[in-house]
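Look over the sequence and the model shown here before reading on.

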Amino acid sequence: DPSDNSSGYHSLWKYTYNSGDGTGSGGTWENRSANLPSVQNAYLTTDHAGGYNMMVKVFPSNENIVFVGGTNLFRSDDGFASSTRITQIGGYNPGFTAPRTYRYPNNHPDHHDVVFDPTNTSAMVNANDGGIYKTLSCLSNEVVWEDLNNGYIASQFYTVAVDPGRVNDVVV
C-alpha cells in the first residue's frame with residue numbers, strides 16, 4: 001500500500017520534459033515502481049530499510065541505464081521500464097550456499113551512493129555499510145568489485161537528536 005510508509009513501500013518514477021517550464025502538459029511522469037525487484041526474497045530485494053539505504057543514479061551517457069540501491073544494488077538497462085532487464089550487481093549474493101558467501105563478492109549490503117569516474121564512466125565507486133568498493137566495469141553482466149577498505153575507520157550516523165527543552169540552548 002503506497003499510502004502506508006510502515007510497509008516499506010518505495011516508488012520509482014521517470015520524468016520526461018516536453019516543453020516550456022516542464023509543468024502541467026510540459027512534462028510527463030511515468031510510474032515504474034512495479035518493475036523494481038520484488039521484496040519477496042530478502043536477498044533479491046530493493047528494500048530501503050525505512051529510507052536508511054536508498055539511492056538512484058543514472059549512467060552519465062545513457063539515460064536508460066539506471067542504478068538503484070537499497071540492501072542490494074541493481075542496474076536496469078531500460079530505466080526500469082520492464083522487470084526483465086535488471087541485473088543485481090552488489091549487496092547480498094543471490095546464489096549463496098553457505099553463511100560465508102552471503103555477500104556479493106567483494107561488496108556489502110546497504111547501499112548509500114555510487115559515483116562514476118568522470119574520465120571512465122564504466123568505472124564506479126560504491127559507498128555502502130561495508131565501506132568503499134570500486135569496479136572498472138559497472139556495465140558487465142557480472143560486476144567485479146575491488147575492496148578499497150585499507151585499515152581506515154569509517155563510521156556513519158543513523159540519527160541525530162536535539163533536546164528542544166534545554167533552557168538557554170541555542171540551536172541553529
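**A walk through the model**

Arg75 counts as buried, because its relative accessibility is 1%. Buried means under 20% relative accessible area, exposed means over 50%, and partly exposed lies in between (1.4 Å probe, protein chains only). The model is predicted, so local features need pLDDT of at least 70 and side-chain atom pairs count only at pLDDT 80 or more, while totals for chains, interfaces and linings use all residues. Residues are numbered from 1 along each chain as its sequence is written, and side-chain values use heavy atoms, with hydrogens and water left out.

Arg75 forms a salt bridge with Asp77, and the closest N and O atoms of the two are 3.3 Å apart. A salt bridge here is a side-chain nitrogen of Lys or Arg within 4 Å of a carboxyl oxygen of Asp or Glu. Side chains of opposite charge can pair when their charged atoms come close. Asp77 is partly exposed, at 30% relative accessibility.

How many salt bridges are there by this rule? The count comes to four. One of them joins the side chains of Lys14 and Glu63, at 3.7 Å from N to O. Lys14 lies in strand 1 and Glu63 in the loop between strand 3 and strand 4 (66-69), so this pair ties together parts that are 49 residues apart in sequence. Strands (E, at least two residues) and helices (H or I, at least four) are DSSP runs, numbered from the N terminus. Lys14 is partly exposed, with 25% relative accessibility, whereas Glu63 is exposed, with a relative accessible area of 57%.

Another salt bridge is made by the side chains of Lys57 and Asp113, at 2.9 Å from N to O. Lys57 belongs to strand 3 and Asp113 to strand 7, so the pair ties together parts that are 56 residues apart in sequence. Lys57 is partly exposed, with a relative accessible area of 28%, and Asp113 is also partly exposed, at 28% relative accessibility.

Val58 lies in strand 3 too, which covers residues 55-58. Val58 is partly exposed, with a relative accessible area of 43%. Leaving aside neighbours within four places in sequence, Val58 is in contact (heavy atoms within 4.5 Å) with Glu63, Ile65, Val66 and Phe116. The C-alpha atoms of Val58 and Asp147 are separated by 23 Å, and the two residues are 89 apart along the chain.

Four strands make an open sheet in the order 7-8-9-10, with antiparallel pairing. Strand 7 (111-117) and strand 10 (146-147) are at the edges, each with a single partner strand, so one side of each has no neighbour in the sheet. Two strands pair if DSSP finds at least two bridges between them. Strand 8 (residues 120-128) and strand 9 (residues 131-135) pair in the antiparallel sense over five bridges. These two strands form a hairpin, with two residues between them. Ala127 has Ile132 in strand 9 as its bridge partner, and Met124 stands opposite Thr135 in strand 9. Strand 9 is joined to strand 10 by two bridges, and the two run antiparallel. Here Tyr133 has Asp147 in strand 10 as its bridge partner.

Which residues have the most contacts inside the largest nonpolar core? They are Phe67, Leu73, Ile89, Phe116, Met124 and Trp145, in a core of 14 residues. A nonpolar core is a set of buried Ala, Val, Leu, Ile, Met, Phe, Trp, Tyr and Cys residues joined through side-chain atoms within 4.5 Å. A second, separate core has five residues, including Leu12, Val66, Val68 and Phe80. Leaving aside neighbours within four places in sequence, the contacts of Leu73 include Met55, Val68, Ile89, Met124 and Trp145.

The last stop is the surface. Trp13, Tyr15, Tyr17 and Trp29 make a nonpolar surface patch of about 510 Å². Patches consist of residues with over 30% relative accessible area and no salt bridge; like charges are joined within 9 Å, and nonpolar side chains (Val, Leu, Ile, Met, Phe, Trp, Tyr) within 5 Å. Accessible areas come from the Shrake-Rupley method with a 1.4 Å probe, and for residues only the protein chains shown count as cover. Strand 1 (residues 13-17) gives the largest share of the patch, three residues. Trp29 lies in strand 2 (residues 27-31) and counts as exposed, at 58% relative accessibility.
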